[in-house]
Amino acid sequence: MERVLIVGNGYAGSRAAEALAGLGRFEVVRVSDEEHPAYCRHLLPELAAGERNPEDLYLPEGESGGPAGKVRSADAVVRFLPDARTAVLASGEEIRYDKALIATGARVFVPGKLRDLFGQLGNVRSMRRIGDAVSLRRALGKKGARIVIVGAGRIGVLLSEALKRAGARITVVDIAPEILPTMLQNEVAAKLRPHLEAEGDLSVLAGRTVARVATDRENAEALHLSDGTVLPCDFVVLATGVVPNTEFLEGEWGDRADGIPVDARLETRHPGVYAAGDVIRFGTLTGRTEPGQLIVNARQQAEVAARNIAGESVSCPPLFVGNVAKIGSVLGAVAGDVEGSGHEDFRVGESFLRVTMDGPGITGFQFVGRPEDLRGLVPVVLKRVDAAWLRQGLRVSTGLGLVPPFLAEARGWV
Ligand SMILES: Cc1cc2nc3c(=O)[nH]c(=O)nc-3n(C[C@H](O)[C@H](O)[C@H](O)COP(=O)(O)OP(=O)(O)OC[C@H]3O[C@@H](n4cnc5c(N)ncnc54)[C@H](O)[C@@H]3O)c2cc1C
């Protein structure tokens, strides 16, 4: 029986393990540096807010009946030697393999200046693992706990929304002038921000950086910002972006901020070694190369990699590029490529829509408003429809809902 080593047991690793174990032809060995079974990272804010327990986040074991292969938990691959088809674990164990999948995801990227300022302070964490969320939850045990979130990207925003519900006093700090700086253009994000600040005790301090941290040596007590603001704090969350986990790889593909290079079949430059999920970048519909950073991409790539490991020859479809942040009853959403120069703004029902165009074709959109007004838009981007068609559709009083060919598909996407 061929042995397949899967490094990492997140969405990509666990999905590939299920697919391969289901074939019954492979011995699947998974190595996870976490002590928990595979779990839903997107529920970490709810765990931190006390709305869920750790076990609620666990992914069910796959359709293949019992656990998909052996899992070495709480142990990490520290050396990966493709020429020798061997991986060395932190525990000292060596695992030989015939084929391998690297699915080690990403960790929070903390810029050097912040690393120097925060060092190893006990009440400063990121929000990537169950342990991070559990630590924050403990801090929330104090009534009116003061939480500072550094980074107003999607994770910072979703976390602050959950902590609001838990009654925390939250400040979100970002160097960028608006929230969600890598997701929405500033003018679009500015329409969403009042909803974030609307209820609870939450303020966004944009366009500022952390200049100094006052500590009692073990914990951060207050953050001094570049504009002189002083923020006393009980807990600090660093949500400053992510970087792929490649530091255990050696030589030319080791420690790569841009992820592991793969071909269309997700095979690395080492035959028989594949990679999938947040640890790679891949091509989009419009020909860019980006990190997927979505569950849907990690799962799809894992399935393609598993089929290729099993002997098929399958190319992976382009990345789905899009994201949603729900704030109260309002959605901020983006799909496709929104960096083109031409754009046009629309009102859809009570919502705001900005589409980006490449010539007459739509490459992407940004949206702020009611979920029901979003219906139908994602397929518009996936099919790269003509902007004239959208204008026509939006002139109809019931909006996008009347545009027939995309309506049925829309249900699957939104
Ligand atoms: C707070 C938060 C909210 C999110 N919300 C959403 C959302 O709403 N929708 C969405 O689609 N996506 C969301 N995401 C992103 C989504 O979780 C990721 O895209 C997805 O987890 C990627 O799956 P993966 O398997 O590639 O990596 P991961 O899930 O990160 O799993 C990789 C695993 O490999 C382990 N590992 C790393 N190095 C080693 C090593 N050397 N040896 C052994 N194990 C190792 C890691 O510890 C981890 O357990 C969110 C992420 C976070 C953190």
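Guide: A residue is buried if 20 or more other C-beta atoms lie within 10 Å of its own, exposed if 12 or fewer, and partly exposed in between. Please keep in mind that the model before us is predicted.

Visitor: Why is Gln293 called partly exposed?

Guide: Gln293 has 17 other C-beta atoms within 10 Å; because residues between the limits of 12 and 20 are neither exposed nor buried, Gln293 counts as partly exposed. Gln293 lies in the loop between β20 (289-291) and α7, and its phi is positive, about 50 degrees, although Gln293 is not a glycine.

Visitor: What makes Arg85 count as partly exposed?

Guide: Arg85 has 17 C-beta neighbours inside 10 Å, and therefore it counts as partly exposed. Arg85 is found in the loop between β4 (77-81) and β5 (86-89), and the phi of Arg85 is near 50 degrees, a positive value in a residue other than glycine.

Visitor: Which residues of α7 are buried, and what covers them?

Guide: Among the buried residues of α7 are Asn297, Ala298, Gln301, Val304 and Ile309, and what covers the buried residues includes β1 (2-7), α1 (11-23), β7 (99-102) and β18 (273-275).

Visitor: What makes β21 and β23 edge strands?

Guide: The five strands form an open sheet in the order β21-β22-β25-β24-β23, with antiparallel pairing, and β21 (322-327) and β23 (342-348) are its edge strands, since each pairs on one side only. From one strand to the next, the twist averages 15 degrees.

Visitor: How do you know that β23 and β24 pair?

Guide: Two strands pair if at least two bridges are found between them, and seven bridges join β23 to the antiparallel strand β24, residues 351-358; therefore the two strands meet the definition of a pair. Phe346 stands opposite Leu353 in β24.

Visitor: What surrounds the ligand?

Guide: The ligand is surrounded by 34 residues, the closest being Gly8, Gly10, His42, Gly105 and Gly277. The residues of this shell divide into 18 nonpolar, eleven polar and five charged, and α1, α2 (44-48) and α7 each supply at least two of the shell's residues.

Methods:
Residues are numbered from 1 along each chain as its sequence is written. This is a predicted model: local features need pLDDT of at least 70, side-chain atom pairs count only at pLDDT 80 or more; totals for chains, interfaces and linings use all residues. Helices (H or I, at least four residues) and strands (E, at least two) are DSSP runs, numbered from the N terminus. Axes are lines fitted to C-alpha atoms, for helices over the stretch in contact, and angles run from 0 to 180 degrees between N-to-C directions. Two residues are in contact if their C-beta atoms, placed from the backbone, lie within 7 Å. A residue is near a molecule or strand if its C-beta atom, placed from the backbone, lies within 6 Å of it. Ala, Val, Leu, Ile, Met, Phe, Trp, Tyr, Cys and Pro count as nonpolar, Asp, Glu, Lys and Arg as charged, and the others, Gly among them, as polar.
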